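Work through the exercises below with the sequence and the model open. Each task is followed by a stepwise solution.

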Amino acid sequence: MKKLSLLSFLLVFSMLLAACGTSDQNNGSDEGASEEKKTLRVVTDAAYAPFEYMDGDKIVGFDVDFVNAVAKEAGYEADIVHVGWEPVFVEIEDKIADFAVSAITINDERKESYDFSHAYFLSTNKILVPEGSDIKSAADLKDKVVAVQNGTTGQEAIESVLGENNPNIKKFENTVLAIMELKGGGADAVVADNTVVEEYAKNNPDDKFVVVEDPDAFAAEYYGLMFPKDSELKAEINEAINTIYENGTYAEIYKEWFGSEPDLEDLKAQQ
Amino acid sequence: MDFRFDLIMDYAPLFLKGTLLTLGLSLAGIAIGTALGLAIGLGKMVKNKWLSLPFDLYITFFRGTPLFVQILLIHFGLVPLFTGKTEPVTAAILALSLNAAAYIAEIFRAGIQSIDKGQMEAARTLGMTHVQAMRHVILPQAFKRMIPPLGNEFIVLIKESSLAAVIAAPEIMYWGRAMQGQYFKVWEPYITVAVIYLVITLSLSFLLNRLERRLSTE
């Protein structure tokens with residue numbers, strides 16, 4: 001009798017699971033179908049100021065304004081959800097979200113698993129060090145402890161210098177924790193996207209950090225919106241991106257966040 | 001779903017290193033936590049209210065706040081205060097022991113108080129001092145009753161050591177997360193991590209079961 005009830009419990013449980021599974025899939029395919037003024041699920045890791053970060057309970061940042069402008073242009077509503085860095089990739093791979101915006105660098109490795117929109121931002125990895133540090137280039141980071149955000153191009157950049165999974169590389173959940181490790185003295189440098197470290201150094205003059213660049217060691221990178229493979233949405237969004245490049249909306253948002261004019265020619269040259 | 005065993009093989013040496021650190025963190029946590037827990041448990045049982053208050057507050061804080069928060073506080077706040085720099089392994093051991101000590105203190109107190117009052121009275125009548133009675137009569141009996149809850153606490157401690165990944169202490173979970181970050185895979189890293197923890201906790205419960213059987217008087 002006992003066995004039977006356990007069996008029926010398992011049966012009910014697995015049916016429940018199956019039901020969850022299918023309803024998720026239905027949502028997914030619904031989103032593929034074109035419907036006017038549909039709300040898109042856009043996922044992000046909102047711990048990367050000034051691109052996306054939490055201001056109280058709201059997600060704000062350059063990426064947020066950019067996506068809202070693009071979505072509006074394409075006739076959609078964007079619902080931007082903070083899920084964390086790695087879950088971003090899981091959601092896109094499993095087609096749970098429509099696309100991701102999270103200062104994601106377009107690279108060949110990621111292109112194998114995902115589709116990317118046109119490039120919308122130029123970035124390079126830079127090195128954040130305490131004032132008076134003897135680190136002047138990427139090569140000086142040899143034998144130094146470097147903190148990075150796990151799974152970012154900053155990590156790849158430093159691994160290209162120190163070697164993969166070098167014990168001197170400390171991988172953190174997000175860049176904020178990596179910078180705190182530097183502040184705490186547990187690391188000699190942080191490698192991350194230039195905008196983030198420059199913004200940090202500028203906004204926290206008391207910490208006495210300086211930014212070191214090494215364009216020879218760390219190449220330029222472009223951010224893109226990330227879609228599931230063969231997403232039908234991509235073409236529409238790309239068109240909308242080009243429209244806001246042309247009509248000046250992009251430059252307006254860019255200036256609001258970074259205080260300078262974007263290099264639109266360079267971005268378009270990447271298409 | 002294609003499960004990539006080759007990726008796990010790539011990370012196997014790192015998982016092995018991580019396992020060693022996890023074992024180190026857990027053993028240190030268990031040893032320091034038990035010693036500290038015994039002291040705090042005895043301290044809390046002191047009759048004088050003012051003397052027992054600090055122990056009471058200690059337990060309230062460490063049992064009432066998440067270990068995750070304690071790890072971050074100790075790593076970024078407490079450890080740099082003393083050593084001038086952050087030290088993930090030190091911070092992890094400290095956080096795990098301090099946290100476990102609070103629970104272990106309560107286990108000790110419950111164990112000791114579960115022994116019938118008559119035992120102490122009888123021992124005292126025989127001319128033993130309070131300390132002697134504790135050492136030779138009460139504690140040996142209480143210890144036997146504490147094994148199951150202590151084992152429970154040790155297993156919890158082993159599993160909670162995975163939280164040290166957040167401060168980049170390179171234990172098992174850290175390498176699982178690094179692997180996920182590199183390949184953007186979910187099943188391969190985390191199933192591996194889960195299996196390793198399971199092997200560790202199963203070995204511990206096996207040992208505890210044997211100890212319990214050996215000490216049983218029935």
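This is a predicted model, in which local features need pLDDT of at least 70, side-chain atom pairs count only at pLDDT 80 or more, and totals for chains, interfaces and linings use all residues. Residues are numbered from 1 along each chain as its sequence is written, while chains are lettered from A and ligands numbered from 1 in the order in which they are written.

**Exercise 1. Find how helix 4 and helix 6 of chain B are oriented to each other.**

Step 1. Take the axes of helix 4 (residues 88-113) and helix 6 (residues 130-160) of chain B: they come within 9 Å and cross at roughly 150°. Axes are lines fitted to C-alpha atoms, for helices over the stretch in contact, and angles run from 0 to 180 degrees between N-to-C directions. Helices (H or I, at least four residues) and strands (E, at least two) are DSSP runs, numbered from the N terminus.

Step 2. Classify the angle. Under 35 degrees counts as roughly parallel, over 145 as roughly antiparallel, 65 to 115 as roughly perpendicular and the rest as oblique. Helix 4 of chain B and helix 6 of chain B are therefore roughly antiparallel.

Step 3. Assign the hand. The crossing of helix 4 of chain B past helix 6 of chain B is right-handed. A crossing is right-handed if the near helix is turned clockwise from the far one by less than a right angle, and left-handed if anticlockwise.

Step 4. List contacts, meaning residues whose C-beta atoms, placed from the backbone, lie within 7 Å. Helix 4 of chain B brings residues including B:L96, B:A100, B:Y103 and B:I107. Among those they meet in helix 6 of chain B are B:I138, B:A142, B:R145 and B:E153.

Step 5. Sort this contact of helix 4 with helix 6 of chain B by class: 13 nonpolar residues, one polar and three charged. Here Ala, Val, Leu, Ile, Met, Phe, Trp, Tyr, Cys and Pro count as nonpolar, Asp, Glu, Lys and Arg as charged, and the others, Gly among them, as polar.

**Exercise 2. Is helix 1 of chain B parallel or oblique to helix 8 of chain B?**

Step 1. Read the geometry. The axes of helix 1 (residues 5-44) and helix 8 (residues 187-215) of chain B come within 11 Å and cross at roughly 40°.

Step 2. That angle makes helix 1 of chain B oblique to helix 8 of chain B. The crossing of this pair is right-handed.

Step 3. Name the partners. From helix 1 of chain B come B:L7, B:I8, B:F15 and B:T19; from helix 8 of chain B come B:E188, B:T192 and B:I196. Four of the residues in this contact are nonpolar, two polar and one charged.

**Exercise 3. Describe the side of chain B that touches chain A.**

Step 1. Chain B has eight helices and zero strands, and buried residues make up 36% of its 218 residues. Buried means 20 or more other C-beta atoms within 10 Å of a residue's own, exposed 12 or fewer, and partly exposed in between, with C-beta atoms placed from the backbone.

Step 2. Count the contacts: 18 residues of chain B are in contact with 17 residues of chain A.

Step 3. Trace the sources. Helix 3 (67-83) and helix 7 (172-183) of chain B each supply at least two residues to this side. Helix 7 of chain B gives the most, five residues.

Step 4. Sort the side of chain B that touches chain A: ten nonpolar, five polar and three charged residues.

Notes. Two residues are in contact if their C-beta atoms, placed from the backbone, lie within 7 Å.
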